[in-house]
Amino acid sequence: MKPILWLASLRHLKRHPLQMALSILGIALGVAVVVAVDLANESARRAFDLSMQSITGSATHQIIGGPGGLDESLYADLRRQGVAPVSAPLVSGYLAQGDQTLQLLGVDPFAEQQFRNLISYLPDKSQESALPQLLTQPGALLMTAARAASLGLQVGQAFELTISGQQRQALLAGLYQPPQQQAAAMQDLLLADISTAQELLGRIGRLSRIDLILPADGSSVQSAIEAALPAGARLVPVGSRSSAMQEMTRAFGINLTAMSLLALVVGLFLIYNTLSFSVLQRRELLGNLRVLGATRRDIFTLVLGEGVLIGGIGTLLGLLLGVLLAQELLALVTRTINDLYFVLTVSELSLDPIGMAKGALLGLGGTAVAVLAPASEAAMSPPRAVLNRSRVEGSARRLLLPLGMTGVVCILLALLLLLPGHSLILGFFALFVLILGFSLFTPAVVAMSCRWAAPLFGRLFGTLGRMAIRGVEASLSRTGVAIAALSIAVSATVGMGVMVDSFRSSVQQWLHTTLQADIYIVPLAPSGTSSETVLDPALITAIEQLPGISEVSQGRPVKLQSATAITRLLAIRMTQKSYAGIELLEGDPETVWPRFDREQVVLISEPYAYRHNLRLGDQIQLETDRGRRTFQVAGVYRDYSSDQGMISMRLSLYRQLWDDESIYSIGLYLQPGVDTATIAGEVAALAAGKQALRIRSTRALLEASLETFDHTFAITRVLRLLVIGVAFIGILSALMALQLERARELAVLRATGLTPGQLWGLVTAQTGFMGLISGLLALPLGLLLATLLIHVINRRAFGWSMDLIVPGGVLLDALLLAVAAALLAGLYPAWRMAQTPPARALREE
Amino acid sequence: MGYEVSLQGVSAKLPPMTKESQKIQMNSHKTQPFIQLQNLSRSHLQGGYPQPVLAGLNGEIQHGESVALLGRSGCGKSTLLNLIGGIDQPDGGRIIIDGVAITELDEHARTLFRRRHIGFVYQLFNLVPTLTVEENLLLPLELNGWPLNRGRERARELLQAVNLLDKVASFPDQLSGGEQQRVAVARALVHQPDLVLADEPTGSLDAESGEQVLALLEQLVAVEQRTLLMVTHSQAVAERADRILTLADGQLDSR
Amino acid sequence: MRTLLIGLLLLATLMGWWLHSHQQPAEAERFSVGGALGGIPAEGFKRAIEPRSFRFPQDHGAHPGFRNEWWYFTGNLRTEQGRHFGFQLVFFRTALAPGEPQGASPWRTHQVWMAHFALTDTEAEQFHAFERFNREAIGLAGVKAEPFALWLDDWSVREQDDGWLLSVAEGDLSLTLKLTPQRPPLLQGSGGLSQKSAGPGNASYYYSIPRLRAEGEVSLHGQRYQVSGLSWLDREWGTSALSEEQTGWDWFSLQLDDGSDLMFYRLRHKDGSIDPYSAGSWSQPDGSLIKLAADDVQLDVLEQWASPKGGRYPLHWRLQIPGHGLDLRISPVIDNQELDLIIRYWEGAIEASGTRNDKPVRGQGYLELTGYGE
């Protein structure tokens, strides 16, 4: 430790507070985004784990069935045969109270004790009467005190619940008090006797599953149980279901993490830039210190230390910011998971220490790496009292070629990395290598552009114009980095913007094709619960008999569970017009449809085909209620509704193989000349008092779907904005530093007779030029990123293919953004220069 | 006019040496010249072509001598000074200071030698702007491993010697040119170097301040028994040295 | 015997069981009878007020209009080599509410069941006890009169040929017995109406089949034993509550080698005094019946046993019926036959020996002791 030496350095930092502040802010934002995304992901995962845990309890295995669940007589049989002595039946489902989605868990208290022991959470004996009530009183259920308070309910009070859009009477029989660590996970859990759950959920005679505790070496017990199971019921270990669900969201998590890393990368550019600049700014001081006897190691340590200090403060700030940001992101992440995957309530952010540590490590480690270059540059400063800049710039220029070459190699490597495989992580790695390559390549491009632009600017703006461009070229070691940082940030926005736009327009086009019916009807139910929501059969019959309707399509989306995966299956009853709504990517419509209507075949969606590596003519096996059945793939169709992929099957085949008569949605095809609004009104009148429905015209459904799309991608948009934010700070600080560094030079010009206005013009021309180059460079990189995101990342993450659509607006916006950022960044230095008497600036150095 | 120099017993307080500086301990052969310059050559790039500045230069300086180096602008005076100070390397030839061939040391060793044995005074003061006057003096001491309390004592002594005790807490930009250069002189001597190199120390000062600085430099060097090599283009300044060396056409001419 | 007291205890234990928790021992506290009574009021249930005419086999089935009902099998078994086993299998039915439940779910019921199974391995001095709970729905538990079937999960007693097949298993322990009645049902109390405390309706309908021949197999830790012996069935149903001061009872059943069967229960008060409603019966091999009132029987405790779980049980007795010249000493086959289940009580195989009218007499049977465990 050399305190005086450190003092010299720290006081320098203190004298340039704006620069330091921007640097710290850049790092802080970068770290914050990484930490926030990580915390949000982790919280969602943890909430999922906890809720799974509180629901599965100590079960080791489960017996599961098809979409309709299990026949309850199976449980009685197992019990009476004494095959599964430690077993508990379960009926679960989702319901709504106001805008809140709650999970109803129907348990058999007599079988519960060894599993969840939920009943033991009843807090005091004064609620004893709740227990017989639960069994004997229809609608009686338990909830947590907090939930009761939020619903404004007292014990003993009757209230209404909405299930599949139908109102059901419930009664708050008592409150339960889960232990602290499960309180959050169980916040949205309503407990009831299994009979109540069956009645409320309309699942009379069915069980959702049977939980079992099998001895560790219970292979004989296991085979005894398996022997007793009817076709369609399967014994699976408990972990498999939750890991299958976790797997669904993996790609989504990786995507978010990658985007957060992009923000950090831009932040690191920023710290690199700041410190390089501060080294350059102090080259005389550093030379002086060397003369006084500071060794190269001293100087290296000094600059590294500065970087780590800035990085440290930034990181610390970033962690705090990250926690705040995570609160916001968590809501968005949860919403996307609910829209795309499964129902999940995350009521609290868990401050995962590992996530925080990762963020801190990335911030500090990244800073250290970013600072290595300026620190060694500083260490190489010769012990000279007076140095000329041209030496530094000379060496920078000599580096142009090797840097450019490395850049090209990186770009090639990136493209090479993309060739094989399905690996999403590799895809992202390639993306980062590509960005790195581009940034290495940038200074060479800047140098070239300067050579071309100088005469042009000279002709346009005279000597001053030429001077502006030469200034950019003369300080290439700074301007190169600044331009690279800005162009990366802008290209990231171009890439993400083009990707989301392309995606959106593909989805829009797909919706136009798919939505063939005139009116769509589904029950009003919380998002993510369609497979558990059922349209009242009597209502369907009534609607079908309305005059003016020519055809009705029916749909039943379900989730098939196996030991290893959850498969989405859509059983549909097609109409004459429905066929046109399915865009076949593989398979000839002439042959596909006749087969679909008659044979034991299925259609699979594009992501399903991608994920399972299936093609036309391949076979898939599904566990049906009649046992395992094999289906041939008759076609592959375009579908953006699930990134997990989907299997479609005709409704009649589904009903042959599964004991499930439910329907979730119907589509009405009207006779010519019949008014949509009239029919919609009649349907509403039929349903009134029976079931709350969502009755939507094609147009309304299209809009609603796009709205869902938009809010599903809200998280992407937010991250994109954050990246731009970090980049903007970066460019602001880089350009500002650059101009402030030239204070003396500018003061000389002022002394020579340049008016403040002219000076302002000079600075503006310079920053504007840099912005323009950044913008122009960002366009090809941005398009390349978009291509990569669409054809590689999206395909690997979600299995969707889509057309690259380049909206002119996005490109123009990018250019404007770059130039505006650059101009804005030039404002302050220009203003300051104009304000400062030249003499003072001259003396300052 | 002039400043009282009182440094009784200062030279007795030898600085503790760091391990590194002990490795390059000078071998004090009183019989040998203190500085030997052997066949030194150095070129600078001018307009892309190497232009010889020093061409096989030879010379010697004795212990305790005060030597002035005269010459025209651009004749290579500063280059020679930088070479002797070890902050530049010759294209050819050797420099031996008190038996150590500094031109053959590596960068790290040369730095350690420099910070132990050499003090610099420049035309443009070259104080560290972010350090106070006292801290500027403490910096070389710190680099040489002095404990802070003893360093502070030593810094105060020298600041008293240059009559700037009242400015200890000032930053360089709060001082006049003459005051800054007096600080620079004090800093050049604070760590008790054997050799003080001065490059036009009065070049940026008015006559009066220049005279003060010069007088101080001479007195301090004399009291502390240091060897002084001072680059100047002023005949008057040069006359005050024990000996004058003139640099012309890349060669030294001793008078 | 086992009056309504045990019914109420059953109710209490059910409630207690609901709250029973391994994780939260503080809440695992067992419930007081009084506390549980708050749960299910007797209103709306039938009461045992006047004598009724019993009809069999119908009355072997359920009487759901009453709140509580039980089927209580106990017995002493021996292998050919004379190795002795005692067993107890009891099914309790409790109605959570009177009448039929509202609601469409087949799980919806007012009838809940509890069963206890205990096996005494006298030679190994081991005692095994288990419990099961379930509801009377979707075939999980219940009773049918014709053909007779009584079950909870895989524990069952079913009609077979001229008798019943008892089948129960838990872990590596199982018991299969063919039970053949040796006597017609014996109506306890006055014509089957057994008054337990003062007040109309504080009574139960109570009958026993004091002798059933038992033959079958005990399987224990992988070993099978062919066994035979005698079993006793107690049947009781009712609704009413006990009086506050009744804290527990001592119930004796004895099959004596002179062919007579003796049952006597003694209701104890908090202050240690004996309730005047204590009663019993002594049926003779010729079919005649001696009714026993509280004063007819003199019971003296000879020796107590301290349960490792707390409480002292009187296990060695002297039972005298001076009016009929009976003097018996009663002792358990092993001391520890305490069931530490949702409620803690002692119920185990006993031996008796003594004199009847100065002639030696021996017997075997079961003893139930409640209210000592606190």
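Which residues in α22(A) are buried? In this predicted model, the buried residues of α22(A) are A:Ile679, A:Val683 and A:Ala687. When α22(A) is viewed down its axis, the buried residues fall within an arc of 75 degrees, so they line one face of the helix. This arrangement can be related to the geometry of helices in general. An α-helix has 3.6 residues a turn, so residues three or four places apart point the same way.

The helix α22(A) covers residues 676-687, which makes twelve residues, and from its first C-alpha to its last it reaches 17 Å, a span close to the 16 Å expected at 1.5 Å a residue. On the face that is turned away from the buried side, α22(A) carries the exposed residues A:Ala677, A:Thr678, A:Gly681 and A:Ala685. The buried residues of α22(A), for their part, pack against several elements of chain A, namely the strands β12 (519-523), β13 (549-561), β20 (665-670) and β21 (693-697), together with α18 (537-544). After the helix α22(A) comes A:Gly689, whose phi is positive, near 80 degrees.

Another part of chain A to consider is strand β5, which spans residues 140-144 and is mostly covered, since five of its five residues are buried. A:Ala140, A:Leu142 and A:Thr144 point one way from β5(A), whereas A:Leu141 and A:Met143 point the other way, and all of these residues are buried. The strand β5(A) is joined by five bridges to strand β7 (residues 166-176) of chain A, and these two strands run parallel; within this pairing, A:Leu142 stands opposite A:Gly174 in β7(A). Two bridges also join β5(A) to strand β8 (residues 189-193) of chain A, with the two strands running antiparallel, and here the bridge partner of A:Leu141 is A:Ala192 in β8(A).

Helix α8 (residues 194-201) of chain A is likewise mostly covered, with eight of its eight residues buried. The buried residues of α8(A) include A:Ile194, A:Ala197, A:Leu200 and A:Leu201, and also A:Gln198 and A:Glu199. They pack against strands of chain A that include β5, β7 and β8, as well as β3, β4 (100-107) and β6 (158-163). Just after α8(A), A:Gly202 takes a positive phi of about 65 degrees.

Chain A also touches chain B, with 19 residues of chain A in contact with 18 residues of chain B. The elements that give two or more residues to the chain A side are α1 (3-15) and α12 (283-292) of chain A, and the largest share of that side, seven residues, comes from α1(A). By residue type, the chain A side divides into ten nonpolar, four polar and five charged residues. Chain B itself has eight helices and ten strands, and of its 255 residues, 48% count as buried. Among the contacts in chain B with a separation of 6 or more, 75% are accounted for by residues 24 or more positions apart.

In chain C, ten of the eleven residues of strand β1 (residues 68-78) are buried, so β1(C) is largely enclosed by the rest of the structure. The strand β1(C) pairs in the antiparallel sense with strand β2 (residues 84-95) of chain C over eleven bridges, and C:Arg78 stands opposite C:His84 in β2(C). Together β1(C) and β2(C) form a hairpin with five residues between them, and in the turn C:Gly82 has a positive phi of about 95 degrees. The strand β1(C) pairs, again in the antiparallel sense, with strand β13 (residues 223-238) of chain C over eleven bridges, where the bridge partner of C:Asn76 is C:Leu230 in β13(C).

How values were computed:
Residues are numbered from 1 along each chain as its sequence is written. Chains are lettered from A and ligands numbered from 1 in the order in which they are written. This is a predicted model: local features need pLDDT of at least 70, side-chain atom pairs count only at pLDDT 80 or more; totals for chains, interfaces and linings use all residues. A residue is buried if 20 or more other C-beta atoms lie within 10 Å of its own, exposed if 12 or fewer, and partly exposed in between; C-beta atoms are placed from the backbone. Helices (H or I, at least four residues) and strands (E, at least two) are DSSP runs, numbered from the N terminus. Two strands pair if DSSP finds at least two bridges between them. Two residues are in contact if their C-beta atoms, placed from the backbone, lie within 7 Å. Ala, Val, Leu, Ile, Met, Phe, Trp, Tyr, Cys and Pro count as nonpolar, Asp, Glu, Lys and Arg as charged, and the others, Gly among them, as polar. The expected span of a helix is 1.5 Å times one less than its number of residues. The arc is that of the directions from the helix axis to the C-beta atoms.
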